[in-house]
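Colleague: I am new to this one, and I would like to understand the words as well as the picture. Could you show it to me and let me ask about them?

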Amino acid sequence: MKDTTEKPVLLTMRDIHIDGRSEETWSPIIKGVDLTLRKGEVLGLIGESGAGKSTLGLAAMGFTRDGCRISGGMIDFDGIDLRKASETERRALRGKRIAYVAQSAAASFNPAHKLIDQYSEAPVQHGIMSRAEAERDAVELYRRMRLPHPEEIGFRYPHQVSGGQLQRAMTAMAMSCRPDLIVFDEPTTALDVTTQIEVLAAIRDIVAQFDTAAIYITHDLAVVAQMADRIKVLLRGDEVEEADTRTMLSAPKEDYTKSLWAVRSYARPVQPPVTEGIPVVSVETVTAGYGAADILKNISFDIHKRRTVAVVGESGSGKSTAARVITGLLPPRQGRVLFDGAPLPADYRQRSRDQLRQAQMIYQMADTALNPKLRLRELIGRPAQMYLGLQGKALTERIRDLLRLIELEPDTYIDRLPSELSGGQKQRIGIARALAAEPKFIICDEVTSALDQLVAEGILKLLDRLQSEFDLAYMFITHDLATVRSIADEVVVMQNGRVVEQGPKPEMFQPPHDPYTELLLSSVPEMDPDWLTRLLKEREKKAGKG
Amino acid sequence: MNVLITLFWIAVAIAGAMAAGWLFRAAAVALTRGGTARALRTAPVTAGFGMLVILLYVLVALFAPLIAPYAEREVVGAQFLPWDSTHVFGTDNLGRDTLSRLIYGARNTVGIAFATTALAFAMGAILGLLAATVGGWLDQILSRIVDILMAIPALIFSLLLLTIFGTSVPTLILVIATIDSTRVFRLARSVALNIVVMDYIEAAKLRGEGLWRLITREILPNALAPLVAEFGLRFCFVFLAISALSFLGVGVQPPTADWGSMVRENAALITFGDVTPLLPAGAIALLTVAVNFVVDWMLHRASGLKE
């Protein structure tokens, strides 16, 4: 944290109104927001999806996405009125004095050009450096961003570099013209927690070194607490409140902000571990993989009735592959899966209809998990019709019951298409579809990671309620340890296809840990603004000792 | 001066067509309700014009005997009579009424083209979706067969097959449908390949759905938009193919009225500065343009573009 109140004002936005076009009419997205940013200051913009964070961030560059327009207000960037400036003048600013870092570096880099070519483009275009100077400068910035092999990494293509490194390379690229302002649009959302730390630390350092002002957009409060000097909370295009980071974290004024802060505190009571009885699902020494490579190496775990087992790990650790083995999509090379003590056929095509019914799955992306052309009546009704043989009135009644279970009003929703629902509602339909089969066991594959925190909490509470109501066993695949904390009874930690550690949740969150579990646990951002500084110091100390 | 007058009439024709399209769209919006009306309201004027023309062709084809002043094959006067009040577009090389034959031609040519396209789509789409869903050996075998069929130039291949199997209308339909279904197969397969990797297909497979239900309820509805758009385009190609084959003498056989053969039979008139042989050609062109207007609009809607 630094004191920036004495510094000159860089960006002023007054009473900004932005409209979005939908179906021939303009509807407001931003409804009169003010924003002031001083030189070298980092402002955190937080809010749920649809709150208008990105739209406001882009407007700071005098830019709107297609189908949007700035309908009112004033944007003053260092004495230049961005709304009155011509497109040529604005373009001269972009990249040179204002830069933008997008959420997914993987999707934003041009895959056909080397990183260093893309780095050099802006400085050479704006006539600041020659090509050779730009390349020397790139190596320097890659070093400052703590990228491995800074001399060589620029000569790779985007797909040859990991996600975290790509995000850092993109930040370096934004820095290439030493801009006065950088807009960061969720730069770490797509990354694993352990990778996120490196990117956060690198971004924070480089912004401080060059005294760059930044707008940091995110929905993750703990992240924004590490990065921002001040925080502004947005809700449906309106400002809720704004304060400096410490004040905002310790004493939020508005109810909405308080509810955002409270989300992470949700935790259900832990059930005592089951030691006897036959587990509902039992994975026994399973080795599986695609082609020649083994993705899963000799893993075993049990899931008991009314218990939630969280399977945790980074992307590529084999969590989802484990789910594919259980569902029968990927027959294992060795080992087997038992259901209620009896072995399941390895391939889902050989399983009986009843075996298929007993194990259901809820997907991460409800968008791709629900057929967009079917109405909810059929989406939810089909499993009930297939497995339970319900027809006509009985089927409709069952669908209505299921909708009520997931807290959606049957009359309003039964004939809707998935595209007419919000993200959280779609995920609820995914849950209802699983429930319609009246299963004993449900695999939840990252069900909350695509959702806003408040919505995700609603889903977790719903799953919890349904578990006690129907005696369900859950396998909960996630990379988010906050979710584990709130819902799990037992935890299985996976790394590179092996189970590193497993046991009841209270034990797992107590030391001593396996080194990998330790790394995972310590990488979860906390709401304390000093967390990142402290963590980096600790790790440095440890590395020094080692 | 002549050029100016021609330009003036072209402008009038375009303005008239646009006005007709606009009126038709307004009428269609007023007569329908719900989703259809909403979709029609966003339709461009060109699509309105296209739909109007298609509707007119369909009406003419359906009610040909009521509309045509003379019978299809009736010799009503001398050969190559000029345009007058009894024979609006004159008579043809055997002395049959050109207007009547044009009207009956709509029934034959459009009807055959429609049947052919429908058959091509039924075969191509079902096999394409099946190949994408089942994959593996079935996909390999079907795809290679299609590759072989597509390697032979379509016109020469259809000439060859028609020479072997004879030139009746059912043979014509079957031959052109088979050749055209290869294109539909390729499209259906590639569209379906993008759909079968979706989570909802995985969910349906895990639910234990059979192949038929998987294809008809889960995949087909999501592949329909590009297939419908392709249907319009294919229809035009089939139309042209039939006309071309008729012109070459292996398509629709005389004395059945067909626009392609009508051009050939009366082609000699062109040398005398008479535009009559161009009328059936114009009828083909107009329908092709109209269908493409509608297809453009559908493609636009299917691609989800707003502006």
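Modeller: Chain A is divided into domain 1 (9-259) and domain 2 (281-510). This is a predicted model, where local features need pLDDT of at least 70 and side-chain atom pairs count only at pLDDT 80 or more, while totals for chains, interfaces and linings use all residues. Residues are numbered from 1 along each chain as its sequence is written, and chains are lettered from A and ligands numbered from 1 in the order in which they are written.

Colleague: How many residues does each domain of chain A bring to the contact?

Modeller: Domain 1 of chain A brings 7 residues and domain 2 of chain A brings 6 residues. Two residues are in contact if their C-beta atoms, placed from the backbone, lie within 7 Å. On the side of domain 1 of chain A that touches domain 2 of chain A, the classes are 1 nonpolar, 4 polar and 2 charged. Here Ala, Val, Leu, Ile, Met, Phe, Trp, Tyr, Cys and Pro count as nonpolar, Asp, Glu, Lys and Arg as charged, and the others, Gly among them, as polar.

Colleague: Which strands make up the open sheet that includes S3 of chain A, and in what order?

Modeller: The order is S6-S7-S8-S3-S9-S10 in chain A, with mixed pairing. Helices (H or I, at least four residues) and strands (E, at least two) are DSSP runs, numbered from the N terminus. Strands of a sheet pair through backbone hydrogen bonds, either parallel or antiparallel.

Colleague: Why are S6 (98-101) and S10 (238-244) of chain A called edge strands?

Modeller: Each of these two strands of chain A pairs on one side only.

Colleague: How do you know that S3 and S9 of chain A pair?

Modeller: Two strands pair if DSSP finds at least two bridges between them. Strand S3 (residues 42-46) and strand S9 (residues 230-235) of chain A are joined by 4 bridges and run parallel, so they qualify as a pair. Ile46(A), for instance, has Val233(A) as its bridge partner in S9(A).

Colleague: What is the order of the open sheet that ends in S20 of chain A?

Modeller: That sheet has 6 strands in the order S16-S17-S18-S13-S19-S20 of chain A, again with mixed pairing. Its edge strands are S16 (359-362) and S20 (498-504) of chain A. Strand S19 (residues 490-495) of chain A pairs with S20(A) in the antiparallel sense over 6 bridges, and Val491(A) has Gly503(A) as its bridge partner in S20(A). H18(A) packs on this sheet, touching S16 and strand S17 (441-445) of chain A, and its direction makes about 175° with that of S16(A). Axes are lines fitted to C-alpha atoms, for helices over the stretch in contact, and angles run from 0 to 180 degrees between N-to-C directions.

Colleague: What makes a set of residues a nonpolar core?

Modeller: A nonpolar core is a set of buried Ala, Val, Leu, Ile, Met, Phe, Trp, Tyr and Cys residues joined through C-beta atoms within 7 Å. The largest has 78 residues, and those with the most contacts inside it include Val311(A), Cys444(A) and Phe476(A). Helix H18 (residues 423-436) of chain A gives the most to this core, with 6 residues. Apart from it lies another core, of 74 residues, including Leu11(A) and Val233(A).

Colleague: Why is Asn266(B) called buried?

Modeller: A residue is buried if 20 or more other C-beta atoms lie within 10 Å of its own, exposed if 12 or fewer, and partly exposed in between, with C-beta atoms placed from the backbone. Asn266(B) has 22 other C-beta atoms within 10 Å, so it counts as buried. Asn266(B) is found in the loop between helix H11 (259-265) and helix H12 (278-302) of chain B. Not counting residues up to four places away in sequence, it touches Asp92(B), Asn93(B), Thr276(B) and Pro277(B). Asn266(B) and Asn93(B) are 173 residues apart in sequence and 6.2 Å apart in space, C-alpha to C-alpha.

Colleague: How many helices and strands does chain B have?

Modeller: Chain B has 12 helices and 0 strands. Of its 307 residues, 37% are buried.

Colleague: How many residues of chain B are in contact with chain A?

Modeller: There are 12 residues of chain B in contact with 17 residues of chain A. On the chain B side, H9(B) gives the most, with 6 residues.

Note on methods:
Domain bounds come from an automatic or database domain assignment.
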